[in-house]
Every structure is written in structure tokens, then in C-alpha cells.
Amino acid sequence: MSNDNDRLREFISSPIDLTKFLADAQNVKERLNALKSSYSSDQDHLDTLMNVSKTLSDYRHLEQQDELTRGDDETNEVLEEDEATTSTWRTRRKKKKLDPAIVNNLKFYPACIEYLYREFSQSRPHAAHDTAFLKNIRECNQAPANFHDDRLVLNLQIFFPIESRDRYRHQLMNELICLSTLTLAQIRDTIECVSDEQILGEYSQNPEEIKTIGQRASDVNTAACFIIESVIYDDLRRTSERLSEKILQQTDSAYTQGNTMEMTSLNDLKGLQLGKPYIYLHQNNCEHVIVFSELKLLEKDQCHDSSLYPLCRMKYHGRFSYCFLCNVFYAKWLVRNSPLIPDDPCLLCERCFKTCHYDKDGNKVGEFTAHHFPQL
């Protein structure tokens, strides 16, 4: 029986030089174009190509019919279950279908737009990042191309922090579509982590101060680094602190200090391996595993506006934490050492927090501590 580590290594590619890979891909593309131009264009060959194109164009129509049929079958199954039993908790959740008018409009969009819209339809429409996600979809269709040369596209997977709870520890948190010309700093600015949204400080004396003097953790602890192929790339745009120096002092491994994030693009990474876990470190101890999962040439039907990259391909939409008392609104405060609540620590919404711990004049009642509880 093979070791688990041996099975994991089967999914790790050999080291790749992105510059050489792009040159080889361009060479293959030129050879294919030359072969296509020298290919005879008699009527027999044209008929064969037309038959192939017809089968490809009909595929989406067949897929749409299959989706509608499958949705009707699921609806019938739900109705049958409702007739067979009176318990409401056993009803099956129906699959939400796209509006037919939207599906027809998407046929005239590039394939990547349709994919992004389907991803967005499963997300939370009230979240701010989803609004920005939909804006990216619209801009991808409307923005003109600002480059016409061949470029590489990499899929970057970001996992939840290693110190997360068990159910999130091995979950994929975010997946980005990145151009190979992007810098590591541009990629770092796109990664959303809940630890960056934490508002530092204790606000039990006056909760309204969180709106005036509260500082986000990402604005206070701006140091971050990527560890790729034993090379540490620091972010020095807003700080002079190097996390690489602390890592080199605490470890005896063969890490080396590389260039800064803003001066390093993905094309500059040497020996990059698909499927190999790398490290993204921020907030001093928030450590994410990142994996480059896919590498290919940018296709014609994809977005050719470099200012819109990196694009969000997938974002994990986990469950929100609700208020401990009302169980209706989302939790905003983490309360400790409160004599009025049986649970310690306790998550409370804005309304329940102020109702339980402050009088009608807004004065604090009892001794407790209150901290901001971020949620994405």
C-alpha cells in the first residue's frame, strides 16, 4: 500500500518556466495556423467541417433541454414527497434555474461570461463582494481589449487558514483567474480573508467609537509574504517590516529572501509546479495554503482587459453566525465575561448587544468586554 504523500505527489507537475512555456505555446499555435492555411479547402472537407460545427452549436441547446427536463423531474419528485408525508422538514430543496431570457442573452456573450454568471447566481446577492463580482461580469463583456499578444492564464486556489476550525481547514476559500503578467502584489490585494476585516480594539465603553476610531487589521498589520519554491517575497508597499527576516530567524530550512511582491510577476517565478502547495502569510500568523491548479493560453472568448484581472472564479459561501439571543440577525459583536449572558464567549447582533448591556442613556451595565466580530 502506497504512502499518502506518494499519492499526493502524483498530482504535482514538473517545474515549469512560464516564459519558455509561453514561447512553446506560441510556436505550436503558429504551426497549427500554418497547417490550417495549407489545408485543402475542397467541398468534401468543408462539408465535414460544417457537420462538426453544427454538432458543437447544437450542444448548448441540448444541454439546456436536459437542464429543463431534469428540473421538471425534480419538481415532480418534490410534489410526490409532499403528498406522501406531512412533515415539512423532509421536503427536498429545488434547484434554482436561470431566467430563460437571461440564458438567451448569454448566448451572445463569451463563454467565460456565462460561466461567471452561473457562479454568481449561487452566491449571496446582499454581500458587497458579490456586487463587485457582478460588476466584473458586466465589465468583462463591455470592456474593449487592451492587449492583443498571447498571454498565459493561471488558476490560483486559496484555502482557508491552517488554524481554522476543522470543517474549514481543508476547504477551498477562493479561486482566482490570473494573467501571468500580474504581480504578486496585485494578487495579494484580491485575496479576501476574514482576519483582514477585524476591527482592532475593545469597545465596551462606547460601541459607537468603532465607526470613528476603529481601524481594520489590514490597515494596521500590512506586512505579508508569499513563499513559493523556498523563496520568500515580501510586501513592502506600506511597511518596512519583512516577515521573511522573522521566518529566517526562527527556521533552519533553506529559505531565501527574494524580491518584493510589487517587483515580481508570475512570469518571474522559476520552477513553478502545478498542484504543489505554497504559502501565503499575512497578519503575522494567518497562514493560507495556495495552489496553482491550471495553466493555459488565454482564449479568444475570454476577457482581454488586463485591468479586470485577477477575476474571481469561485468564492466559498459558508454559513453566517447568527445572534445567540434572537437567532435572526447576523452577529456583529463578540462579548466576554458578561454576567447577563449564560454563554462565554457569546456572539450578539447590534440590537441585542445594546439592549442587554446598556441602559436607555447608553451607559454600560456590568463588567464585560466587547470586540468586533467580522464576517465575509
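I looked up I228 and its contacts (heavy atoms within 4.5 Å). Leaving aside neighbours within four places in sequence, I228 touches L184, Y233, L269, L272, Y278 and F292. The model is a predicted one: local features need pLDDT of at least 70, side-chain atom pairs count only at pLDDT 80 or more, and totals for chains, interfaces and linings use all residues. Residues are numbered from 1 along each chain as its sequence is written, and side-chain values use heavy atoms, with hydrogens and water left out.

Next I looked up the nonpolar cores, each a set of buried Ala, Val, Leu, Ile, Met, Phe, Trp, Tyr and Cys residues joined through side-chain atoms within 4.5 Å. Buried means under 20% relative accessible area, exposed over 50%, and partly exposed in between (1.4 Å probe, protein chains only). The largest core has 40 residues, and I228, L266 and F292 have the most contacts inside it. Among the elements giving it two or more residues are helix 2 (18–38), helix 8 (184–190), strand 5 (224–228) and strand 9 (286–297). Helices (H or I, at least four residues) and strands (E, at least two) are DSSP runs, numbered from the N terminus. Another core, of 15 residues, lies apart from it and includes W333, Y358, F368 and A370.

I then turned to helix 11 (residues 350–357), where C352, F353 and H357 are the buried residues. Down the helix axis these fall within an arc of 100°, so they line one face of helix 11; the arc is that of the directions from the axis to the C-beta atoms. R351 and T355, on the other side of helix 11, are exposed. The buried residues of helix 11 pack against strand 11 (333–336), strand 12 (346–348) and strand 13 (369–372).

Rings of Phe, Tyr and Trp (its six-membered ring) pair if their centres lie within 6.5 Å; planes under 30 degrees apart count as stacked, over 60 as edge-to-face and the rest as tilted. Y322 and Y330 form a tilted pair, 5.1 Å centre to centre with 55° between the planes. Y322 is partly exposed at 39% relative accessibility, and Y330 is partly exposed at 34%. The ring centres of F353 and Y358 are 5.5 Å apart with planes at 70°, so this pair is edge-to-face. F353 is buried at 0% relative accessible area, and Y358 is buried at 9%. Ring pairs join W333, F353, Y358 and F368 into a cluster.
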